[in-house]
Amino acid sequence: MQKRQYGFILVKQIFKFFFLSLYLYFMAFSVNATQGDSFQSDSPLIAAASSIKFALDDVVQAFTIDTGLTVNVSYGSSGNLVSQIKHGAPFELFLSADESYVLKLKQAHLIKGGGQVYAVGKLALVSPKTSNLRLDRSLMGVRALLKKQQLERFAIANPKHAPYGERAQALLKRLELWNSIYPHLVLGENVSQAAQFVLTGAVQGGIVALSLAIRPQFAEKVNYFVLPKDLYPPLKQSMALLNDAGTTATLFYQYVLSPKAQSIFQQYGFASEESL
């Protein structure tokens, strides 16, 4: 009888230990999951125009080194990013290639304040080193190929939602080239894709962001010419914090305006607003 009671007590203790262990396991799992969510919220999602990708990548790296904080950046055309934000994408900061797209978010009451210009972009005429396109400030080389019917493909970003495409269109219209070059245009979803068309030799030339053309990896295979800023409206690149922006996003916003970050932008060919 005593052995049977002892066996019952032993089994009971084993079950108690088993359920206690199981309880502690799920408690630990719950804590880890909560910590994971907290970590994600401390690395805010940032929307940025593709024209600033390489410059901003360097700024993000410097920010992490200086503060120990991290951010996650999603690149695209300004118009597409605005559309994503309006449809509820969880971005906390938006860096646009043109201030007009920040204004659209302001009108929709989705941002704090009215936005801040962080850089001024520039256009570059580019061509693969193997191309027969001659580069010059008035696009006389483009005219020559068009006249000889030797221009087959020319890349710009889509003017419907990419500011660098809008400015390229304005420049081509200013030089009275738009109608003649239009049938030969290859439109990139954003300016980075337009630059990629040139880099791979898929087109004979194009108009892209100087910040992309100036990179050593690009310059090895592509020639570029900085186009006069009086041929197109200024590319005032503006940024704004979204309404739900947290502390880290706010700190990064401030860091982008710091002398260190501004120096990085200048290395990639961007100008300051004061230069206009």
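**Notebook: contacts and aromatic pairs**

I began with contacts, meaning heavy atoms within 4.5 Å, and noted that residues 24 or more positions apart account for 76% of those in the protein with a separation of 6 or more.

The model I am reading is predicted, so I keep in mind that local features need pLDDT of at least 70 and side-chain atom pairs count only at pLDDT 80 or more, while totals for chains, interfaces and linings use all residues. Residues are numbered from 1 along each chain as its sequence is written, and side-chain values use heavy atoms, with hydrogens and water left out.

I then searched the whole structure for aromatic pairs and found five, where rings of Phe, Tyr and Trp (its six-membered ring) pair if their centres lie within 6.5 Å, and planes under 30 degrees apart count as stacked, over 60 as edge-to-face and the rest as tilted. One of them joins F63 and F252 edge-to-face, at 5.0 Å centre to centre with 80 degrees between the planes. Because F63 lies in helix α2 (residues 53-67) and F252 in helix α11 (residues 247-256), this pair ties together parts that are 189 residues apart in sequence; helices here are DSSP runs of H or I, at least four residues, numbered from the N terminus.

I checked burial next, taking buried as under 20% relative accessible area with a 1.4 Å probe, protein chains only: F63 counts as buried at 1%, and F252 counts as buried at 0%. Ring pairs link F63 and F252 with Y255 into a cluster.

Of the 276 residues of the protein, I noted that 45% count as buried.

How values were computed: Helix = DSSP H or I, 4+ residues; strand = E, 2+ residues; numbered from the N terminus. Buried < 20%, exposed > 50% of the residue type's maximum accessible area, 1.4 Å probe, protein only.
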